[in-house]
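The sequence and the model are shown below.

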Amino acid sequence: MKLIMIAHGKLASSMMESVSMILGPIENHVCAIDFETSDSFEHLSKKLEEQLEDEMNLVFCDLKGGTPFNTAFLLRKNYPIKIVCGMNLGMLLEYILLTLQTDTLPALSVARDAGTKSIEIFDLE
């Protein structure tokens with residue numbers, strides 16, 4: 001099982017850095033792929049494909065319908081990939097921590113629920 005973060009700009013590597021700051025080193029379990037403005041769709045596809053394995057790959061991406069999502073979605077034809085879009089730090093922390101603790105792939109609803117729970121509105125009025 002491989003966990004991959006892929007996103008526009010430097011978001012994926014920034015998320016990786018933030019998760020590592022809180023959980024400690026995770027590079028052996030998670031990788032980050034940035035979609036730079038100079039990257040073509042083909043180049044991004046190649047970067048992602050280099051990280052994919054023949055066993056299950058879990059891809060966290062920033063935005064449904066964006067180029068990182070579309071790239072992962074199209075590669076599902078050749079690799080076993082599950083995609084979670086709308087990644088945020090709360091989602092990543094809870095899911096990665098649970099994965100490291102159990103050494104198994106938790107249900108994807110854990111990621112979705114953690115991401116949703118981490119969003120709150122505080123109205124100061």
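Two strands pair if DSSP finds at least two bridges between them. Helices (H or I, at least four residues) and strands (E, at least two) are DSSP runs, numbered from the N terminus. The model is predicted, so local features need pLDDT of at least 70 and side-chain atom pairs count only at pLDDT 80 or more, while totals for chains, interfaces and linings use all residues. Residues are numbered from 1 along each chain as its sequence is written, and side-chain values use heavy atoms, with hydrogens and water left out.

**The sheet**

Four strands form an open sheet in the order β2-β1-β3-β4, with parallel pairing. At its edges lie β2 (30–35) and β4 (81–85), each of which pairs on one side only. From one strand to the next, the twist averages 20°.

| Strand pair | Bridges | Opposite residues |
|---|---|---|
| β1 and β2 | six | I6 and I33 |
| β1 and β3 | five | M5 and F60 |
| β3 and β4 | five | V59 and I83 |

Strand β3 (residues 57–61) is mostly covered, as five of its five residues are buried, where buried means under 20% relative accessible area, exposed over 50% and partly exposed in between (1.4 Å probe, protein chains only). In a regular strand the side chains alternate between the two faces of the sheet. Both faces of β3 are covered: N57, V59 and C61 are buried on one side, and L58 and F60 on the other.

**Helix packing**

Two packed helices are described by the angle between their axes and the distance between the axes. Axes are lines fitted to C-alpha atoms, for helices over the stretch in contact, and angles run from 0 to 180 degrees between N-to-C directions. Angles under 35 degrees count as roughly parallel, over 145 as roughly antiparallel, 65 to 115 as roughly perpendicular and the rest as oblique.

Helix α1 (residues 11–23) and helix α4 (residues 89–102) have axes that come within 10 Å and cross at roughly 55°; the two helices are therefore oblique to each other. Contact here means heavy atoms within 4.5 Å. On α1 the contact is made by M15, S18, V19, I22 and L23, and on α4 by L89, L92, L93, I96 and L97.

Helix α1 also packs on the sheet, touching β1 and β2, and its direction makes about 150° with that of β2.

From α2, the residues F41, L44, S45, L48 and E49 take part in the contact, and from α3, T67, P68, N70, T71, A72, L74 and L75.

**Two individual residues**

Leaving aside neighbours within four places in sequence, S45 is in contact with T71 and L75.

D123 is found in the segment after α5 (108–117). The residue D123 is exposed, with a relative accessible area of 58%. D123 and H29 are 94 residues apart in sequence, and their C-alpha atoms are 38 Å apart in space.
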